[in-house]
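Hi,

Here is the structure I said I would pass on. Have a look at it first, and then read my notes below.

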Amino acid sequence: VDLQKDSDPMHIVHVTAEMAPIAKVGGLGDVVTGLARACLMRGHTVDVFLPFYECINKQNIKELTLANTYNSYYDGSWIPTNVYRGVVLGIPVLFIEPSNNFFKGQSVYGGSYDELDAYLFFTRACLEWMQVSATQPDIIHVHEWQTAGLPLLYWDMYQYLSLQKPRIVLTIHNMEHYGECRQEQLSKCGLDGSTYATEEKAMDDRTIGHNPERLSLLKGGIVYSNAVVTVSPTYLKETLCSGWLSATLIRHRDKYFGILNGIDTAIWNPATDAFLPAKFDANQIEGKKICKLFVQRGLGLAPEARDSAKMPLVICITRLVAQKGLHLITNAIRHVEALGGQMVILGTAPDARVGREFEGLAELHNQGPSIRILLMYSEELSHMLYAAADIVLVPSIYEPCGLSQMIGMRYGAVPVVRKTGGLADTVFDMDDQSNPEMANGFVFEGIDEGSFNWALDRAFSYYREKPDEWRGIVKKVLQMDNSWNNTAGKYVDVYNSVRVRDR
Ligand code: ADP
């Protein structure tokens with residue numbers, strides 16, 4: 001794509017715990033990589049600071065070189081720290097590698113070190129490197145609680161040293177993770193933790209009045225950043241109306257923005273996707289049928305018979321956690337079966353009890369003709385399922401943005417979603433007369449099975465009884481643009497609104 005360059009380019013630095021594909025756990029990793037690439041293409045200078053996790057496969061980093069060794073403060077001593085430079089998917093990355101045990105282990109999270117200590121060290125080490133190397137970006141963009149301590153360190157320490165130009169933007173991807181932090185833990189990175197234990201600063205809103213010891217890095221980050229972004233306009237409204245941070249967010253309302261995430265349309269492209277047995281796009285849709293047959297055959301599902309009722313294929317690709325609406329997912333299995341459709345669930349359950357429940361369901365259904373429950377993580381399968389699906393299901397209880405519905409649409413799967421967060425901003429009901437131009441799926445509001453069934457029933461009846469209209473929706477979702485091209489500009493506007501211009 002020939003993207004227009006922005007006038008007045010700036011230097012943007014991301015400080016993050018995740019980056020796709022080398023250190024990805026969830027959506028955070030995708031967002032950093034997608035947004036960084038989009039800003040590079042718009043003509044900005046972009047760097048990403050990432051902990052040099054031991055688990056990162058160095059083969060996936062181009063031009064990896066040791067740039068320098070410097071010392072960064074932690075808990076009374078100065079820790080020798082390596083900084084490496086490398087390139088990931090065209091994005092320059094600085095890898096911070098302390099000589100202690102931080103970030104050692106076989107996975108991004110869950111090593112044997114204390115995560116809070118390690119990320120506080122990391123955020124200070126990033127600022128220390130900028131100080132040592134005289135790097136003054138226009139924008140330091142931090143993400144989630146892991147790096148939300150950076151604005152505190154910047155405004156209360158490094159700003160008094162030589163870093164004066166940068167302004168700080170914080171993106172909150174999921175409000176549930178608050179970075180609980182005791183005063184003395186914050187003090188380990190060189191700040192005086194006790195000075196943050198006020199309601200206006202970083203005291204955890206849930207413990208005000210009975211536990212001044214408990215701070216929240218995420219709250220401190222909101223207070224101390226120049227702008228705060230969350231990942232959809234509806235999630236922004238929801239977090240202002242309820243939830244433990246609402247009072248803080250209301251106080252900072254005028255610097256709080258909701259910007260939808262984009263999807264990477266190079267990785268997710270049904271016209272070129274190497275995982276698919278046949279390619280397709282909005283104008284050449286035949287390949288999608290081949291993908292469906294391929295998946296049905298591969299999973300031992302009954303192929304559609306010419307004379308029987310038409311069988312839509314429903315998919316649900318998700319982490320199996322409470323947020324995702326587990327009771328609605330299990331209800332969907334029953335209801336799809338009752339309606340005579342087919343359903344494939346691809347998911348992993350971090351919680352053992354949930355895992356056992358779904359293993360039980362898999363045993364019950366996986367030999368039958370219409371339901372498959374696949375308890376694993378597979379990038380390849382996910383591509384094939386999105387391509388094969390008629391319907392993509394996202395019945396989340398809450399969903400800050402949600403990528404699954406956007407990816408599904410890109411592959412011509414019609415979304416059935418609960419009206420919450422980013423789902424409410426990307427999916428609009430076919431039967432909502434007030435908004436026919438946007439209509440692209442089926443939406444329900446309640447968290448009860450009846451509400452869900454009603455939406456699925458309507459999707460099935462469109463599929464079976466109004467094939468022309470169904471083809472219209474499929475074509476429409478295939479043509480939607482949920483890429484970063486569309487939304488990175490909104491981030492650039494936020495950056496521009498806070499940056500300090502050279503005189
Ligand atoms: P969250 O970030 O809360 O997990 P999103 O919908 O924003 O939810 O992003 C989920 C992403 O992870 C999507 O790209 C989805 O396809 C992918 N995904 C989730 N579970 C699996 C799985 N078991 N196998 C492959 N991909 C998965």
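Methionine 343 stands opposite isoleucine 371 in β14, and leucine 346 faces leucine 374 of that strand. β13 and β14 (residues 371-374) run parallel, paired over four bridges; two strands count as paired if DSSP finds at least two bridges between them. Helices (H or I, at least four residues) and strands (E, at least two) are DSSP runs, numbered from the N terminus.

Before I go on, two notes on the model. It is a predicted one, so to speak of a local feature I need pLDDT of at least 70, side-chain atom pairs count only at pLDDT 80 or more, and totals for chains, interfaces and linings use all residues. Residues are numbered from 1 along each chain as its sequence is written.

Back to β13, which has a partner in β12 too: these two strands pair in the parallel sense over seven bridges. One of the bridges joins leucine 313 to glutamine 342 in β13. Helices link the strands here. β12, helix α9 (residues 326-339) and β13 form a right-handed β-α-β unit, and β13, helix α10 (residues 352-365) and β14 form a right-handed one as well. Right-handed means that, with the strands pointing away from you, the path from the first strand over the helix to the second runs clockwise.

Is β13 enclosed or open? Six of its seven residues are buried, so the strand is largely enclosed by the rest of the structure. A residue is buried if 20 or more other C-beta atoms lie within 10 Å of its own, exposed if 12 or fewer, and partly exposed in between, with C-beta atoms placed from the backbone. Helix α5 (residues 217-224) is also largely enclosed, because eight of its eight residues are buried; Lys219 and Tyr224 are among them.

Glutamine 296, in helix α8 (residues 286-299), has 19 C-beta neighbours inside 10 Å and so counts as partly exposed. Leaving out residues up to four places away in sequence, glutamine 296 touches Leu301 and Pro303; a contact means C-beta atoms, placed from the backbone, within 7 Å.

Now the ligand. Its shell has 17 residues, and the closest are Gly26, Gly27, Ser382, Leu403 and Ser404; to be near, a residue needs its C-beta atom, placed from the backbone, within 6 Å. β12 (313-319), β13 (342-348), α11 (379-388) and α12 (404-410) each supply at least two shell residues.

Finally, the whole chain. It has 16 helices and 17 strands. Its radius of gyration is 24 Å, close to the 23 Å that the globule rule gives for 503 residues, so the chain is as compact as a globular protein of that length. That radius is taken over C-alpha atoms, and the rule is 2.2 Å times the number of residues to the power 0.38. The C-alpha trace spans about 75 × 50 × 45 Å along its principal axes, and buried residues make up 47% of the 503.

Cheers

Technical notes
Contact = placed C-beta atoms within 7 Å.
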